[in-house]
Amino acid sequence: AGWCPYFLARRMIQFANVVVYNYQYLLDPKISKLISTELDKESIIVFDEAHNIDNICTEALSVHINNTILESCQRNVIALSNKIRRMKETDASRLNDEYKRLLQGLTQVIHLKYIIFFLIFF
């Protein structure tokens with residue numbers, strides 16, 4: 001009928017009394033955000049193969065960093081820093097230009113008030 005078993009299971013999890021699925025779906029933060037949030041808060045979870053849970057938790061919450069990743073991070077930080085510097089310079093220049101226009105406008109208003117004052121009283 002064209003139903004995807006994965007998405008059908010995700011939809012039906014809200015209505016099931018018993019759900020059996022791989023404990024990695026519950027323990028891995030990247031996956032649990034998608035799937036396990038659909039479980040009812042009072043759900044009872046039974047882990048099969050529970051003797052592997054400590055290894056799975058360690059693996060799910062571990063970060064593997066190598067020299068390539070560090071170099072990529074460094075390039076990204078430099079690029080971000082340069083972008084922030086350019087934005088600050090652009091914003092400072094635009095703010096300075098706006099300030100100059102504001103001063104010119106205020107100066108013109110003050111001159112107009114003096115001219116009107118002299119025209120009225122002299």
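Here are some questions and answers on how a few labels in this predicted model come about.

Q: What makes the contact between Glu-98 and Arg-101 a salt bridge?
A: The closest N and O atoms of Glu-98 and Arg-101 are 2.5 Å apart. The cut-off is 4 Å between a Lys or Arg side-chain nitrogen and an Asp or Glu carboxyl oxygen, so the label applies.

Q: How far apart are Glu-98 and Arg-101 along helix α5?
A: They sit 3 residues apart in helix α5, so about one helical turn separates them.

Q: Why is Arg-85 with Glu-89 called a salt bridge too?
A: Here the closest N and O atoms are 3.4 Å apart, and the limit is 4 Å, so this pair counts. Both residues lie in helix α5, 4 residues apart, or about one turn of the helix.

Q: What about Asp-91 and Arg-94: what makes their contact a salt bridge?
A: Their side chains meet at 3.5 Å, N to O. Since the criterion is within 4 Å, that qualifies.

Q: How many salt bridges does a search of the whole structure find?
A: The search finds 3.

Q: Why is Arg-94 called exposed?
A: Arg-94 has a relative accessible area of 56%. Exposed means over 50%, so Arg-94 gets that label.

Q: And why is Asp-91 called partly exposed?
A: Asp-91 comes out at 40%. Buried needs under 20% and exposed needs over 50%, so a value in between is partly exposed.

Q: Which label do Arg-85 and Glu-89 get, buried, partly exposed or exposed?
A: Arg-85 is at 40% relative accessibility, so it counts as partly exposed. Glu-89, with 46%, is partly exposed too.

Q: How many disulfides does a search of the whole structure find?
A: It finds 0. A disulfide would need a pair of cysteine sulfur atoms within 2.5 Å.

Q: Why is Cys-4 called partly exposed?
A: Its relative accessible area is 36%. That falls between the 20% and 50% limits, so the label is partly exposed. Cys-73, at 40%, is partly exposed as well.

Notes
Residues are numbered from 1 along each chain as its sequence is written. This is a predicted model: local features need pLDDT of at least 70, side-chain atom pairs count only at pLDDT 80 or more; totals for chains, interfaces and linings use all residues. Side-chain values use heavy atoms; hydrogens and water are left out. Buried means under 20% relative accessible area, exposed over 50%, partly exposed in between (1.4 Å probe, protein chains only). Helices (H or I, at least four residues) and strands (E, at least two) are DSSP runs, numbered from the N terminus.
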